[in-house]
Amino acid sequence: MKKYIIATALIIGTGAAITTTVQSCTSIATSDMGLSIIKRMLLNGIDKGAGIYGNKEAFLQNNMVDKALPKELRDINSMLEKISPSLVAKERDYIAQAAVYTVNISKPILQGAVNSLNAQDVTRIIQGTTATQILKEKTSQQLIAAISPKVDEKLNEYGIVKTINTALAGNNFLGNLLGGNKSTVNSGGLSQLASEQLVNGLFNIIEDYEHQNSKSLLGPFGK
């Protein structure tokens, strides 16, 4: 980067200097070196997320995961809090166990997507799109599809769906929330919501890591 700064200093005061510097930064950023730095940043973020997801207690205490709770599941939990607060705690515990159960499925998918990033993706990052957003676009649906069956398996193993339905029996809340005359939580529906939370929570952790580290890593590239 030093040679570009020197070149700019030699022709300071001209519009060409600014243009040359911006083009040089972009050129370096989309080079193998820039791409490698961005990949490493994302892989480190994935490692951080996987570490949290692999530890049930760390998962339960992470506010990035809480922020990812889908509205429908948040509403269900709000109602359950009024009926049986302990059931919400059990549900959260079982979802945390599902996180541990599925992290080794999610991690390789994310790593593969990172390794497939190209210069076009890096250009978008330099232009203002977060690297995590690009990763999310590439993998979000794939991740949900991959872990949903395992999440469903884990939740049914503990009978949480049946327990929730028993607690909410005779309550019109579910019909209002889920639409129509539904009076029970569908197992697949709850598993889908839990899977969305797991995936979006993981992206929240990766993006938080990116925000904390992008300035020091990508600053030299004009990011």
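Predicted model: local features only at pLDDT ≥ 70, side-chain atom pairs only at ≥ 80, totals over all residues.
Biologist: Let's start with the overall build. How many helices and strands are there in the protein chain?

Modeller: There are 12 helices and zero strands. Read from the N terminus, the order of elements is α-α-α-α-α-α-α-α-α-α-α-α.

Biologist: What share of the contacts with a separation of 6 or more comes from residues 24 or more positions apart?

Modeller: Such residues account for 83% of those contacts in the protein chain. Of the 223 residues, 43% are buried.

Biologist: Let's take single residues, then. Why is Ser 191 called buried?

Modeller: Buried means under 20% relative accessible area. Ser 191 has 1% relative accessibility, so it counts as buried. This serine is placed in helix H12. Setting aside residues within four places in sequence, Ser 191 is in contact with Ser 148, Val 151, Asp 152 and Leu 155.

Biologist: And Lys 39, how do you know whether that one is buried or exposed?

Modeller: The relative accessible area of Lys 39 is 19%, and the cut-off for buried is under 20%. Lys 39 is therefore buried. This lysine is in helix H3, residues 32-53. Leaving out residues up to four places away in sequence, Lys 39 touches Val 114, Asn 115 and Leu 117. Lys 39 and Asn 118 are 79 residues apart in sequence, with 9.8 Å between their C-alpha atoms.

Biologist: What makes Ala 145 exposed?

Modeller: The word exposed is used over 50%. Ala 145 comes out at 54% relative accessibility, so it counts as exposed. Ala 145 is in helix H9, residues 131-157.

Biologist: Now for a whole helix. Which residues of helix H10 are buried?

Modeller: In H10, which covers residues 160-167, the buried residues are Ile 160, Val 161, Ile 164 and Asn 165.

Biologist: How do you know that they are on the same side of H10?

Modeller: They cover an arc of only 135 degrees around the axis, so they sit on the same side of H10. On the other side, Lys 162 and Thr 166 are exposed.

Biologist: Let's move to the core. Which residues touch the most other members of the largest nonpolar core?

Modeller: Tyr 53, Phe 59, Leu 135 and Leu 198 do, in a core of 56 residues. Helix H7, residues 85-115, gives the most to this core, with 12 residues. In soluble globular proteins, nonpolar side chains tend to be buried together.

Biologist: Which helix gives the most to the lining of the largest cavity?

Modeller: H7 does, with four residues. H7 and helix H12, residues 187-218, each supply at least two residues of this lining. By class, the lining has seven nonpolar, two polar and no charged residues.

Biologist: What about the largest pocket, and which residues lie nearest its centre?

Modeller: Asp 66, Leu 69, Asn 77, Arg 92 and Gln 197 lie nearest the centre, out of 14 lining residues. About 180 Å³ of space lies in this pocket. Its lining divides into six nonpolar, three polar and five charged residues. Helices H4, H5, H6 and H7 each supply at least two of the lining residues.

Biologist: Why is Asn 77 called buried?

Modeller: Its relative accessibility is 7%, and buried means under 20%. Asn 77 therefore counts as buried. Asn 77 is found in helix H6. Apart from residues up to four places away in sequence, Asn 77 touches Leu 69, Val 88 and Glu 91.

How values were computed:
Residues numbered from 1 in each chain as written. Heavy atoms only, no water. Buried < 20%, exposed > 50% of the residue type's maximum accessible area, 1.4 Å probe, protein only. Arc of directions from axis to C-beta. Core = buried A, V, L, I, M, F, W, Y, C linked by side-chain atoms within 4.5 Å. 1 Å grid on protein atoms, 1.4 Å probe; cavity = no way out; pocket = protein on both sides within 12 Å on 5 of 7 lines; lining within 4 Å. Points joined across faces, edges and corners; volume = space filled by probe spheres on them. Nonpolar A, V, L, I, M, F, W, Y, C, P; charged D, E, K, R; others polar. Contact = heavy atoms within 4.5 Å.
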